[in-house]
Each structure stands twice: as C-alpha cells, then as structure tokens.
Amino acid sequence: MGIGTILLIVLVLLLAYGVMVYNRLVTHKNRFENAFSQIDVQLQRRYELIPNLVEVANKYVAHEKDTLTEVIEARNQASKACKEAAANPGESGLVGALAKAEQSLGNAMGKLNLVVEDYPELKADETLRDLHDELTSTENRVSYARQAYSDAVMRYNTEREQFPAVVVANTCNFNEADLFEAANDEIREPVKVKFG
Amino acid sequence: MNFFGSQDNRKKQSLLLLVCFVAAMLAMAAVIHVVAVFINVPLSGKLDFGNPPGPAKAFIVLIWLTCLAGGFFRILDVKAGGAALAQRFGATEVQPKSRFREETELLNIVDEIGVASATTPPPVFILHREDSINAFVVGGFKGREALVVSQGALEKLDRDQLSAVIAHEYGHITQGDIPVNMRLLVALSSLNAIDEVGKLLMVRSREGELFAQPGVVVGIVLRALGSIGVFFGHVIRSAFSRQREFLADACAVQFTRNPESVASALTDIRNDVTDAAIHGVHAEEITHLCFQAGDVTRWYKQFFATHPPVQKRIDAIDPHYAAKARAKKRRSDHSDKPKVKQGGSAASNVTNINVGNGTTALQFAQAPEVSNSSLAQTLSPTGGIGVLSDKAAMMISDPSSCLAVLHAIFVSDDRSNSKAYYEAIAFAYNKVFAHSVKDIAESIPKALATEQLAIIEHATAQLRHSIKLENRQRLLKSLEKLLVVEGEFTLMNYATLQLVRRKLDAEFPVLETKVGITTDTNAGSNAEEQVDNAPAQGMKVKTFDKMGEEFALLLSLMVESSGNSGERIDEQYKIALACYTKHHHPRRLSNEPGIVKELEAAFQTLYVQPKAIRESFVQHCLDIAQADHHIAKEEHALLNLFAASLNCELQIPVKRAA
C-alpha cells in the first residue's frame with residue numbers, strides 16, 4: 001500500500017468525522033431554534049389570552065380605561081417584538097428588545113391586577129377565573145419554554161465550543177447563541193393574577 | 001443538585017450496566033453450549049466444542065427456539081403501545097376540557113412539563129382505584145408512550161409536587177428508558193422460557209423413575225440454566241433501573257428547576273401509609289417505570305429492587321432537604337404564632353423537676369430571646385423561675401461571679417483534691433480568679449450541693465447573654481481540662497459538665513441542635529437531620545441484642561446512682577437489663593477507668609437509633625430512678641445527661657416535698 005492510499009484513507013476518515021460533527025451541530029442548532037419557537041408559541045398564547053381578560057374586565061371597570069389601554073398597547077408591542085425575534089432567533093439584539101417589551105407588558109399587567117383586586121364582583125366572575133387558570137398555566141409554560149431554550153442553547157454552545165467542533169463551527173459559520181436573559185428580575189416574576 | 005453532571009454520571013453507569021447485561025447474555029449462551037456438549041458425552045463419547053454431535057446440536061437449537069418463542073410472546077404483549085397497556089391496567093384517559101378541575105390541572109401540568117422537556121405530551125391516564133402516590137409511563141417500542149397517574153397522587157400532592165412527579169416520568173421518556181426497558185424485559189422473558197420448559201419436562205415425567213428418563217435430565221439442566229440466567233438478568237436489570245431512577249430524578253430537577261418540590265414529593269411518598277407497589281398482571285412491565293415502588297425491607301431484596309431507597313433519592317437531590325424543610329416549616333409556624341416561644345434546645349422545653357431536697361421547682365425553658373429586663377427578672381431570686389436562696393443569688397450577681405460559681409460547683413469535698421483544683425485554676429487563669437472561686441465554694445458550700453441545678457441555670461442564663469459563643473466554647477474547654485484528673489473524668493463531673501454545656505448552648509453540633517435560636521439555623525439542623533434520618537435508611541439500626549453492652553452500661557450507671565445497697569442494685573439491674581437483651585452483661589461501676597469514654601461511645605451508638613427507642617429508654621431510666629419514690633441528685637444529673645445526649649425530651653414529674 002502506497003503512502004498515497006494511506007493519505008487518502010486518512011483524508012476520507014477526517015472528512016467523515018467533519019461531516020459527523022457538522023451534522024451534530026446542525027441538530028443542536030435546530031433544537032435550540034425550535035426551543036425558541038416554543039417560547040414564541042407560548043408567548044403568543046399569552047398575548048391571545050390577555051385581550052380576552054381585558055374584555056372581561058372592561059365589562060366591570062370601563063372607567064379604568066387608562067390601565068386597560070396600557071395593557072393592550074404593551075401587549076401589541078410585545079407581540080410585535082416576539083414576531084420579529086422569532087423570525088431571526090440567532091440575533092441577540094432582537095431577543096433583548098423582546099425582553100424589554102415583555103417587561104413593560106408585565107408592568108401593565110401588574111397595574112391591571114391591582115385594579116382587579118379593587119372590584120370584588122370582577123374577581124368573582126367565572127370566565128375571569130377560567131382565564132386566570134389558563135393564564136397561570138401559560139405563564140408556567142413561558143418560563144418552562146425559556147428554560148428549555150436556555151438548556152438547548154447551553155448544549156449547543158458547549159458542543160460548538162469544544163475542540164474539534166469549534167473548527168467546523170468557525171469555518172461553517174455557526175454563531176454563538178444568546179441565552180434568553182430577562183432585563184431585570186421583574187420580568188422573571190410571573191404576572192400574578194389572583195382572585196379570591 | 002448539579003443535575004447536568006448527575007445526569008451524565010448516571011447515564012455512564014447505566015450504559016456500563018447495559019454492557020454487563022449483554023455480556024451476561026453472551027456468557028449464558030456460551031454456558032448453554034458447553035453444558036449441551038457435556039451432557040452429550042455419555043451418549044456419543046465425544047467432547048467437541050467446535051462441532052457438537054447431533055443430540056447436543058438439537059439441544060442447543062431447542063433452547064434457542066425456546067428463547068425466541070418466549071421473547072416473541074412478550075413482544076406481542078407489549079407492542080400494542082402505551083395507551084392500550086394503560087387501559088389494560090384499568091386506567092382511564094383524561095379528556096381535554098374535562099369537567100373536573102383537578103383533571104384539567106393535571107393536563108396543564110403535563111403540557112407545561114412537555115414544554116420544559118421539549119417533548120410532545122403523551123396521552124394522560126388516571127388510575128382511579130389506586131390510592132397510593134404513584135405514576136408511570138408505559139409504551140411499546142416506537143415511543144407511543146402513555147402517562148398514567150394514580151388517583152392518590154392527584155389527591156395527596158400539591159401542584160408543585162405533582163409537576164415534579166410528572167417531570168420524573170418525562171425524564172424516563174426523554175432518556176429513552178421505555179424502549180430499553182422493554183428490550184430487557186423481552187430478553188428476560190426468553191430466559192424465563194427456558195426455565196418454564198424445564199419445569200414442564202420435569203412435571204411430565206414425575207410418574208416414572210425420575211432420573212432414568214432423559215427428559216428429566218434435560219428438564220433439570222434447563223431449569224438450572226434458566227433460573228441462573230433469570231437471576232443474573234434480574235439483578236443487572238434492577239441495578240440498571242435504579243440508575244435510571246436517579247437519572248429521571250435529575251431530569252425532573254432539570255425540567256422543574258425546583259429540587260425542593262421533587263424532594264418534597266418523595267418525602268410525602270415516604271410518609272404515605274398506602275402500599276406503594278402497583279399490583280396486577282402486567283405489573284412487571286411497569287414497576288421499572290413507576291415513580292416509586294416501595295422500599296425493600298430485607299437486605300437481599302435490595303439487589304432486586306427496581307428503585308433506590310427513597311431516602312437515597314432525596315439525598316441525591318439535596319442531602320439537607322429535610323432539615324431545610326423543617327426550618328422552613330418552623331419559620332412559617334413561627335410567623336403564624338409569634339407568641340409561642342421556641343425552646344432553646346430539644347430537652348429544655350418547660351421541664352419541672354424535683355431536686356433531691358424536694359423543694360425546688362425549676363422551669364428549664366429559657367426563651368432564647370430573653371431581653372435584658374426579663375433577664376433581670378429571671379435572675380432575681382423571687383422572679384418566678386427557679387428558687388434560689390438569697391445568699392446564693394447574691395453570690396452570682398455579675399458575669400465574673402457566674403464564671404466563678406461554675407467552677408466552684410466542681411470543687412471536691414476532699415481537701416487535697418480541692419487544693420489541687422484551685423491551683424489548677426490559678427495556673428489556667430490567675431490567682432484572683434482562683435480566690436474568688438474558693439470564696440464562693442467556702443461561703444455557700446451547702447447551696448452548691450443542694451441547689452446545684454438552680455445555680456447552673458442562673459449562671460449560664462447570664463453568661464449566655466454576656467459572652468460570645470466561641471468564648472463560651474473556650475470556657476467549656478478549659479473547664480473540661482481542669483476536670484480531667486489523670487486523663488479521666490469522674491462520672492458526676494462529666495454529667496454536670498454536659499449540663500453546663502447544654503445550658504450554655506455551646507455543645508457540639510452532633511450531640512445537640514441549636515435550631516431556632518439564631519438565624520443561622522442550617523448548620524446545626526443539618527447535623528441533627530442526618531442523624532435523625534439514619535434509622536430511615538435501615539442500615540444503621542442494630543437489633544437490641546447487639547446494643548446490649550451499651551444498654552448494660554447506661555443501666556448499671558443508672559441503678560448505681562440511686563444510692564441503694566449493693567444487693568438491691570444488682571437485682572434492679574438484672575430486671576432492667578432483661579428488658580433489652582437476653583445475654584448477660586456484668587454490671588459496670590461508675591469509678592471504673594475509661595468509663596466516660598465508653599459512655600460517650602455508647603451515646604454515639606444509641607443516638608442513631610429511632611427516636612421512639614431512645615425516648616422509651618430514657619423513660620425507663622426515669623422509672624428506675626423513681627422506683628424508690630425519690631430522685632437523688634446523682635440520678636437527676638444522670639437523667640439529664642441521658643436525655644441530652646440521646647436528644648430526648650425528659651419530663652421529670654414534680655413532686656412537692658412531703
């Protein structure tokens with residue numbers, strides 16, 4: 001066997017290994033992108049629930065217009081930011097913008113909750129109660145989705161930064177992914193909707 | 001817990017076990033081959049492993065066919081998929097938009113954890129007739145899992161705990177445990193088939209002469225091979241399963257990010273009285289995937305246990321969980337009822353005691369947060385707590401005299417001994433202090449003897465607030481040094497010193513706890529917790545017989561302290577010891593050399609026993625002390641020592657002096 005043959009075999013093996021690493025990176029990348037889209041799905045679900053909640057509240061407390069409008073506006077903004085970020089999950093700036101929009105939505109929801117606390121008949125409404133259950137579960141899902149996203153990003157980044165993979169990653173343009181960092185602690189707190 | 005690291009670790013270990021399992025199966029095949037060739041030797045007279053003669057070949061093929069058939073039937077059994085299996089158990093599927101709030105909540109939780117684990121939620125079933133707390137996943141080979149939750153779990157767990165249980169099951173799903181488990185099951189069934197065929201052959205030929213027939217010989221060989229294979233297969237599979245439980249627990253922590261709820265669900269299961277194991281025709285298929293399977297009680301059964309002991313699982317999540325939970329509960333209790341004061345240490349709850357002269361009724365409980373004004377009240381002779389003679393009260397009015405009086409307590413009656421003691425004090429501190437100790441000892445010798453407990457109580461109460469913990473500990477150390485005469489305590493000095501130590505809240509953490517006294521409760525309570533949990537692990541509990549020596553030691557000291565005549569003591573001792581052990585242990589004397597060290601070792605041994613045993617033992621000692629309707633000073637000191645060292649509460653009844 002000539003040296004040429006051996007070199008060829010080594011080259012083919014190296015190439016095969018490279019392909020394997022590349023595929024693994026693709027798998028992980030898709031996984032974390034999918035995880036991000038889960039956040040998106042759950043956030044959308046939440047954005048859909050919020051108008052319903054506002055509508056029910058509107059029946060009882062129409063005069064608290066400022067708060068209700070604020071909630072709806074914040075919701076619209078967050079929904080828009082979410083769509084933009086979902087379109088391009090790798091970009092860190094967009095995720096940051098979403099986090100900010102989420103924060104102001106959280107603040108607005110907090111105000112709405114204070115309003116709801118003041119009206120016992122609103123608190124007693126059954127539709128609102130069901131919506132509350134939905135919203136609580138969705139809040140959980142949002143945080144779980146974020147967590148799953150972080151886990152997936154961690155796995156991807158670990159994979160990407162380890163030795164042989166880092167070569168493939170750098171040549172094939174696998175960028176480092178961002179963790180979903182909340183701007184401050186407030187956003188990490190779930191929106192509390194408490195009735196009775 | 002570091003769940004990512006833990007997961008990697010468990011995965012490695014279970015992979016190793018899988019390799020073991022495959023190796024065992026290969027070894028089994030080899031053994032079958034060899035055995036087949038060997039039993040053929042009488043027939044053909046040849047020993048050829050490479051190309052076995054006809055009958056041996058037929059035998060081997062027979063076994064392989066049996067294996068295949070056994071495995072095949074099992075495959076038919078499980079290939080129906082999770083939902084069908086769940087229904088076979090009698091579980092009913094939960095429909096979305098269910099009328100019941102708890103069912104919608106369960107569905108919500110399943111969906112939530114599905115998001116957390118990035119898995120499609122499986123269909124959910126409820127096992128209505130099962131009252132124990134349990135949950136499991138069933139499924140075939142293609143990932144058509146179904147999640148089954150027992151009614152008991154729905155009723156007894158709160159939302160967080162239920163999430164933890166569901167997350168554990170998701171852990172089994174994401175880690176691919178179900179297909180692996182099913183394959184192991186099929187492999188084991190095929191081995192089991194060998195055993196079954198052997199059984200059949202033997203039964204059929206029982207009528208005839210048992211060993212003359214070739215069928216019986218084959219049957220015996222088959223049974224032997226089959227049962228050995230099944231045995232090892234079970235052991236390895238169970239070990240594998242235990243690793244996967246830890247792995248699933250780690251996954252549950254990862255998905256919920258709430259180790260507390262996982263641990264609290266496990267704790268609730270441990271405290272649940274309902275039998276945990278799932279019973280039924282197909283139980284074998286699912287016990288490996290249950291959330292729990294009930295702890296085994298016999299040592300040999302742990303090799304076949306599909307689940308690790310609950311305590312070990314809790315420890316893997318957070319070794320200090322129980323202590324934390326207790327501290328948390330205490331905090332919440334505290335905020336609910338702020339007026340209830342917590343006793344400083346376990347044994348110092350309000351205890352009314354009757355000291356030798358029968359006149360002193362002491363209240364031992366010192367609220368840890370005594371303010372200065374209430375301290376003054378505590379210390380005033382008429383302040384209600386304790387009755388101290390005026391003279392003694394005057395002697396211990398300030399911290400330095402308190403220090404002195406604590407030293408004065410130990411002044412011996414023997415003149416030469418006391419002289420050496422003063423010199424030692426002068427050497428350890430200074431002459432002035434030695435003088436003040438001597439002054440106190442000489443001015444109130446009677447009070448020191450009769451009101452010793454009251455004096456200790458008052459002196460330590462004051463010192464506890466005037467000097468820091470580390471200084472108190474230093475004080476105890478030097479006091480201990482002073483008292484060790486020729487490398488040995490006298491028993492009474494030891495008992496008194498322990499009392500002082502306890503009253504100063506300066507004891508070693510392993511013997512006592514200081515939970516609830518300071519804000520820094522964790523360090524102390526952890527030590528207690530580990531010790532308290534030891535019996536639950538079932539490993540450290542010795543039988544009474546093995547602890548006979550320890551009981552004998554404690555009992556002989558107890559009976560001796562009553563001050564009765566020799567014969568009476570011997571008799572009492574015999575009766576008392578008979579309650580604990582059949583063996584005879586000679587009665588020990590308190591002045592034997594090395595007795596204190598042995599006593600401490602005995603406390604260490606007994607301390608890890610279940611609380612019920614410790615408490616009843618101390619109660620028994622109290623009964624012994626009370627046998628003569630009088631608790632002498634020594635008896636009292638010993639009782640206090642036992643109670644404190646064994647972390648029991650002691651209620652010494654108050655008897656007014658006649």
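This tour of a predicted model goes from the interface of chain A and chain B to the sheet of chain B.

Begin by selecting the residues at which the two chains touch: 14 residues of chain A are in contact with 14 residues of chain B, and the area buried between the chains is about 1,300 Å², of which carbon and sulfur atoms give 45%. On the chain A side, colour Arg141(A), Tyr144(A) and Gln147(A), which lose the most area to chain B and together make up 40% of what that side buries.

Next, show the side chains of Arg257(B) and Asp151(A), which meet in a salt bridge at 2.6 Å, N to O; the rule finds two salt bridges across this interface, together with eight residue pairs in polar contact, both residues of each pair being at pLDDT 80 or more. Helix H1 (3-60) and helix H5 (126-161) of chain A each supply at least two residues of the side that touches chain B, with H5(A) giving the most, twelve residues. By class, that side of chain A has four nonpolar, five polar and five charged residues.

Now move to chain B and select its open sheet of four strands, whose order is S1-S2-S4-S3 with mixed pairing. Strand S1 (92-93) and strand S3 (135-138) of chain B are the edge strands, each pairing on one side only, whereas S2 (residues 124-127) and S4 (residues 146-150) of chain B pair in the parallel sense over four bridges. Within S4(B), Val149(B) stands opposite Ile126(B).

Notes: Residues numbered from 1 in each chain as written. Chains lettered and ligands numbered in written order. Predicted model: local features only at pLDDT ≥ 70, side-chain atom pairs only at ≥ 80, totals over all residues. Heavy atoms only, no water. Contact = heavy atoms within 4.5 Å. Buried area = accessible area lost by both parts, 1.4 Å probe. Salt bridge = Lys/Arg side-chain N within 4 Å of Asp/Glu carboxyl O. Polar contact = N/O pair within 3.5 Å; in protein donor to acceptor, adjacent residues only side chain to side chain. Nonpolar A, V, L, I, M, F, W, Y, C, P; charged D, E, K, R; others polar. Pairing = 2+ DSSP bridges.
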